[in-house]
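Have the structure open while you read.

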Amino acid sequence: MTDNNSPPGSPKVNPDHNSEANPLPKDDSSLENIVRRFQDSMSLAKKHKFWETQPVGQFKDVGDTSLPEGPIEPPTPLSEVKQEPYNLPSPYEWTTCDMDSEETCNEVYNLLKNNYVEDDENMFRFNYSKEFLRWALRPPGYYKSWHIGVRAKTSKKLVAFITGVPARIRVRDEVVKMAEINFLCVHKKLRSKRLAPVMIKEVTRRVHLENIWQAAYTAGVVLPTPITTCQYWHRSLNPKKLIDVGFSRLGPRMTMSRTIKLYKLPDQPATPGFRKMELRDVPAVTRLLRNYLSQFVVSPDFDENDVEHWLLPTEDVVDSYLVESPRTHDITDFCSFYTLPSSILGNQNYSILKAAYSYYNVSTKTPLLQLMNDALIVAKKKDFDVFNALDVMHNESFLKELKFGPGDGQLHYYLYNYRIRNALRTSELGLVLL
Ligand code: MYA
């Protein structure tokens, strides 16, 4: 990565190489892995000047089972929450970004398009669409004041960004009001100036002002302390393009035509009653999803409003399909994915990689493997180049069989001001952040 904040590991997510036709995890003893493990262990010893001051699980406490689960610090009376924003270095000023404004949305879009997360080799960079950003940042009950920008005082140019959105997150039996923090970005030219800690403190202050004291976030970097570390898996839909742009490689003893054949999918979904989700399905999908998510240690606590916002299909943002039993008309299964393209940096022939990201999936009657194969089929028909999935929930049960290959990007999940006694297995996590 270009940013020198990154300890080991790769950026949040994503576009990374997977070796074609070789869906086995990389050899553990490869040099890359040895180096990564070494860097990981170094980062544990490394000082985190900012994070050491925050109410998060600290590395020194890992394995200390005497510490209780739950909030690390109690809430402070609202009257004691700092009323004025934190100080920025003098050339900069705070701005609240109104995502309803076309102009502001454009500025945010461009800041992220040029400065947000890249893969380890700087070949791809996330290119969240404006529609996606509006969707991600305006869920039920959102606060405008949590969409925080930093501008250069003289030019008024937007140079940094961080956001929160409200969510109810269940941890075991406890439903906790949290902020989901995302889109932390500092312009490439302003990196390593300790702007990020000020931005994190400012979003924290504004979350506190709403009487919310916990947060959830993900990052590609190791910070104190992940509740779990997930891996991305990638299923080629357009293998030729993925190979041409360097996203994946031709496997050993594979030709291009054999590779194309390997990843070929049927033209139509196989499951009778498989169809796009509609507004009238919101109550049934909410029931299905709530029931399914209750088995995981950490998951969102979705009500019908949340399901309508997060899962009702929105063109080029989120796709959801379900299975309606042709006989009983019951809604028995559900799958969804969101659209997150990446810019392809410095390729003559292609500028955009169209990626689908597995979101929430529920199977009760249709085997998950078949359901997800149908999801791949509709994603392919919509011209996605690749379908990505984390190893969360029950995803491990279909990844290998459906020809996903492991990526080299890891995604660490974190909670702010909430201690979990032991790290979770990825299959115990029922939460997907954008
Ligand atoms: S994850 C996506 C993050 N964005 C990118 O990777 C885009 C490309 N990179 C950048 O724009 C910059 O490199 C960023 C850092 C902005 C990431 N999460 O200003 P600095 C710590 C948390 O000199 P810069 C996402 O959006 C770092 O360890 N902390 O560094 C979720 C060091 O602290 P310490 C991070 O490179 C965000 C300090 O910042 C991250 O110029 C969740 C260095 O600051 C990171 N991804 O800028 C945020 N990267 O010395 C936390 C670096 O202690 C939310 N750092 O190690 C917490 C909950 C808040 C709400 C609470 C409510 C109750």
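Keep in mind that this is a predicted model. Start with the second largest pocket: 31 residues line it, and those nearest its centre are Val 62, Thr 225, Pro 226, Ile 227 and Ala 423.

- Three elements each supply two or more residues to its lining: α1 (31-45), β8 (228-236) and β19 (405-416).
- β19 is the top contributor to the lining, giving four residues.
- Sorted by class, the lining comes out as 16 nonpolar, ten polar and five charged residues.
- Where does the pocket sit relative to the domains? Domain 1 (48-217) and domain 2 (230-428) both give residues to the lining, so the pocket lies between them.

**The α7/α8 pair**

- Two packed helices are described by the angle between their axes and the distance between those axes.
- On the α7 side, the contact is made by Val 282, Pro 283, Val 285, Thr 286 and Leu 289.
- α8 answers with Glu 304, Val 307, Glu 308 and Leu 311.
- By class, the residues of this contact split into six nonpolar, one polar and two charged.

Terms used
Residues are numbered from 1 along each chain as its sequence is written. This is a predicted model: local features need pLDDT of at least 70, side-chain atom pairs count only at pLDDT 80 or more; totals for chains, interfaces and linings use all residues. Side-chain values use heavy atoms; hydrogens and water are left out. Contact means heavy atoms within 4.5 Å. Ala, Val, Leu, Ile, Met, Phe, Trp, Tyr, Cys and Pro count as nonpolar, Asp, Glu, Lys and Arg as charged, and the others, Gly among them, as polar. On a 1 Å grid over the protein atoms alone, a cavity is a set of points where a 1.4 Å probe fits but cannot get out, and a pocket is an open set with protein on both sides within 12 Å along at least five of seven lines; lining residues have an atom within 4 Å of a point. Domain bounds come from an automatic or database domain assignment.
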